[in-house]
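User: I have a model open and I'd like to learn how to read it. Can you walk me through some features one by one?

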Amino acid sequence: MFNWGFIGSGTICHNTSRQMMKSGNHKVVAVYSRTFSRAKKFADSLGAKAYDNIEDFFKDENIQGIYIGTPHSSHYKYAKMALERGIPVLCEKAFTLSFESSLKLIELAKQHNTYICEAMWTWFSPSSLMVKNWINTNAIGKPLKMKSNFCVPNIGRPRERVISARYGGGSLLDLGVYPIAYAYNLFGYPDKIEATARMKNGVDLDCKVKFIYNSGLECELYSAIDRLGTCTTTIIGEEGRIKVPAPMHCSRHAKLRAHNRVNYRDQYPYGLYDNEFTIVASEIEQEKKESSYVPFKSTLDIMMIIEEIKKQIGLSYDEDNTL
Ligand SMILES: NC(=O)c1ccc[n+]([C@@H]2O[C@H](COP(=O)([O-])OP(=O)(O)OC[C@H]3O[C@@H](n4cnc5c(N)ncnc54)[C@H](OP(=O)(O)O)[C@@H]3O)[C@@H](O)[C@H]2O)c1
């Protein structure tokens, strides 16, 4: 049993905790939220202790690891506080608002010899790892094209977190990070990046990204918070294709159509949040300082790619340093 301290009491914290409880591998022992009534209601539902004072929360000795499930703009400050106290961290995507602050966190983790991992749950998932294995073993021959989109219309209604620059809103950090991470994890850092976006009130309603590789491979990656998409991923190679059904970022199956046909379906008995938390808890218990599933290089490269996209589409945010 691994004891978690949750920072946040919103959508993702409810979803992850509900699923983790079923496996019996995890317990949420403490919840911090700035609004005490929200912290208390959520904590009571989990049998955890509620805090609205972050310093007191960090002093809770029952906590073995912290999960940060708050808006993007606040990830940096909470993760920094945890690392400075030597408390291991699982931090929601997008890791922070900039490459610079992500790098600072990773340097801080090394300095304090403390584990930190981006909660990019796609890359803990057995089916994503199977797709990566197919690519690495040349199952579809030379990759030529990848298309991936993650579009959820009205995701922001009426949530400020998704539509306001103040919270690091917009499609890129909320949804686009998944197709970007998918392409990066399969094919590495692109040789060229092209990006365009429809902007409104300082955030991107949608974002169209192309990764171009010197090999000839092109990846078309699209995200939108105001349009419907298939939320699938397709990879075409010279000798076959791979299809990842919706929702591509947490799909439990994948199809290979090449010399052989494979319909892969993972056998994990619980949900993929539980899979992610169980792997991270085990890495922390083994006293690892870096995840082998989402290594620092992957988080930093993806943040560097996001920096380039931000520059091309004219997107900028300010980290929230208020407590
Ligand atoms: N892995 C996934 O599938 C997935 C899915 C959805 C979202 N996410 C990620 O999870 C994170 C949170 O998303 P969400 O949809 O759960 O957000 P949400 O529903 O708006 O909840 C945000 C929570 O953060 C708390 N909070 C703590 N400090 C805050 C601060 N400084 N500013 C604003 N709120 C603060 C809020 O409560 P108080 O106001 O009481 O503090 C609230 O409980 C984001 O990084 C998002 O990208 C991941």
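User: Let's start with N201: does N201 count as buried or exposed, and why?

Analyst: Before that, a word on what you're looking at. This is a predicted model, where local features need pLDDT of at least 70, side-chain atom pairs count only at pLDDT 80 or more, and totals for chains, interfaces and linings use all residues. Residues are numbered from 1 along each chain as its sequence is written. Now the idea: a residue is buried if 20 or more other C-beta atoms lie within 10 Å of its own, exposed if 12 or fewer, and partly exposed in between, with C-beta atoms placed from the backbone. N201 counts as exposed because it has 10 C-beta neighbours inside 10 Å. You'll find N201 in the loop between β8 (192–200) and β9 (203–212); helices (H or I, at least four residues) and strands (E, at least two) are DSSP runs, numbered from the N terminus.

User: What about the backbone there: what is the phi of N201?

Analyst: Most residues other than glycine have a negative phi, and most peptide bonds are trans. N201 has a positive phi, near 50°. N138 also has a positive phi, near 65°, and sits in the loop between α6 (126–136) and β7. N138 counts as partly exposed because it has 14 C-beta neighbours inside 10 Å.

User: How do I read a helix, say α9: how many of its residues are buried?

Analyst: Start with length: the expected span is 1.5 Å times one less than the number of residues. α9 (residues 272–285) reaches 20 Å from first C-alpha to last, close to the 20 Å expected. Then look at cover: 10 of its 14 residues are buried, including Y273, F277 and I284. Among the elements covering the buried residues are β1 (2–7), α1 (11–23) and β2 (26–32).

User: Then take V28 in β2. Which residues is V28 in contact with?

Analyst: Contact is a distance test: C-beta atoms, placed from the backbone, within 7 Å. Leaving aside neighbours within four places in sequence, V28 touches W4, F6, S17, L46 and A48. V28 is buried because 23 other C-beta atoms lie within 10 Å.

User: How do strands pair up, and which way does β7 run against β11?

Analyst: Two strands pair if DSSP finds at least two bridges between them. β7 (residues 143–151) runs antiparallel to β11 (residues 233–237), with five bridges, and M146 stands opposite I235. With β10 (residues 218–224), β7 pairs in the parallel sense over seven bridges; there, C151 has A224 as its partner.

User: Which domains are there, and how far apart are their centres?

Analyst: Domain bounds come from an automatic or database domain assignment. Here that gives domain 1 (2–121 + 273–292) and domain 2 (126–265). Their C-alpha centres lie 26 Å apart, and eight residues of domain 1 are in contact with eight of domain 2.

User: Last one: how many residues surround the ligand?

Analyst: A residue is near a molecule if its C-beta atom, placed from the backbone, lies within 6 Å of it. For the ligand that gives 22 residues, with G10, I12, S33, R34 and T35 the closest. α1 and α4 (72–84) are the elements giving two or more residues to that shell. The shell also draws at least three residues from each of domain 1 and domain 2.

How values were computed
Contact = placed C-beta atoms within 7 Å.
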